[in-house]
Amino acid sequence: MLSQGPFSARLHGLAEYLLGGFFIASPFIFGFDATAATAIGIVGGIALILLAATAQTGPSLSGIVPVALHVVLDVVVAAFLVASPFLFDFSDEAAPTGLFIGVGVVHLLGTV
């Protein structure tokens, strides 16, 4: 069984819903120029909401994704967010690069 960190599973799930909504809105809030950053923001936000909605803990809607898999997916999402400005060549644009790296690191810390 996985031990619980400083945040409850419920708080973690609620944060993922809020973060997903924020990521969907972020290209419009910050005016991303890069099409890839806009697409990743929107698709990534939807993916975070789906992940939160299907986890077996927290404010889930279905509870079909086991906790261990959810943790692995959280780490993969965090690593993808940190790497995406460099993988998709928009690291020269400050707003999405800072946002993706910052949120990726915070998401990883919240998962650990």
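Me: Is Pro59 buried or exposed?
Reply: The model is a predicted one. The relative accessible area of Pro59 is 17%, and the cut-off for burial is under 20%. Pro59 therefore counts as buried.

Me: Which residues is Pro59 in contact with, leaving aside its neighbours within four places in sequence?
Reply: Pro59 lies in the loop between α2 and α3. Contact here means heavy atoms within 4.5 Å. With neighbours within four places in sequence left aside, the residues in contact with Pro59 are Ala9, Arg10, Gly13, Leu14, Tyr17 and Ala52.

Me: How far apart in space are Pro59 and Thr97, C-alpha to C-alpha?
Reply: In sequence, Pro59 and Thr97 are 38 residues apart. In space, their C-alpha to C-alpha distance is 30 Å.

Me: Are α2 and α4 roughly parallel or roughly antiparallel to each other?
Reply: Helix α2 covers residues 35-54 and helix α4 residues 94-111, and their axes lie 11 Å apart at an angle of about 25 degrees. Angles under 35 degrees count as roughly parallel. The two helices, α2 and α4, are therefore roughly parallel.

Me: Which residues make the contact of α2 with α4?
Reply: α2 passes α4 in a left-handed crossing. From α2 the contact takes Ala37, Ile40, Gly41 and Leu48, and from α4 it takes Pro96, Phe100 and His107.

Me: How many of the residues in that contact of α2 with α4 are charged?
Reply: The contact of α2 with α4 has five nonpolar residues and two polar ones. The number of charged residues in this contact is given as none.

Me: Are α1 and α4 roughly parallel or roughly antiparallel to each other?
Reply: The axes of α1 and α4 are 12 Å apart, and the packing angle is about 175 degrees. An angle over 145 degrees counts as roughly antiparallel. α1 and α4 are therefore roughly antiparallel.

Me: Which backbone oxygen does the side chain of Ser26 reach?
Reply: Ser26 is found in helix α1, and it counts as buried because its relative accessibility is 0%. Its contacts, with neighbours within four places in sequence left aside, are Gly31, Phe32 and Leu99. At 2.9 Å, the side chain of Ser26 reaches the backbone oxygen of Phe23.

How values were computed
Residues are numbered from 1 along each chain as its sequence is written. This is a predicted model: local features need pLDDT of at least 70, side-chain atom pairs count only at pLDDT 80 or more; totals for chains, interfaces and linings use all residues. Side-chain values use heavy atoms; hydrogens and water are left out. Axes are lines fitted to C-alpha atoms, for helices over the stretch in contact, and angles run from 0 to 180 degrees between N-to-C directions. Helices (H or I, at least four residues) and strands (E, at least two) are DSSP runs, numbered from the N terminus. Angles under 35 degrees count as roughly parallel, over 145 as roughly antiparallel, 65 to 115 as roughly perpendicular and the rest as oblique. A crossing is left-handed if the near helix is turned anticlockwise from the far one by less than a right angle, and right-handed if clockwise. Ala, Val, Leu, Ile, Met, Phe, Trp, Tyr, Cys and Pro count as nonpolar, Asp, Glu, Lys and Arg as charged, and the others, Gly among them, as polar. Buried means under 20% relative accessible area, exposed over 50%, partly exposed in between (1.4 Å probe, protein chains only). A polar contact is a pair of N or O atoms within 3.5 Å; within protein, one must be able to donate a hydrogen and the other to accept it, and residues adjacent in sequence count only if both atoms are side-chain atoms.
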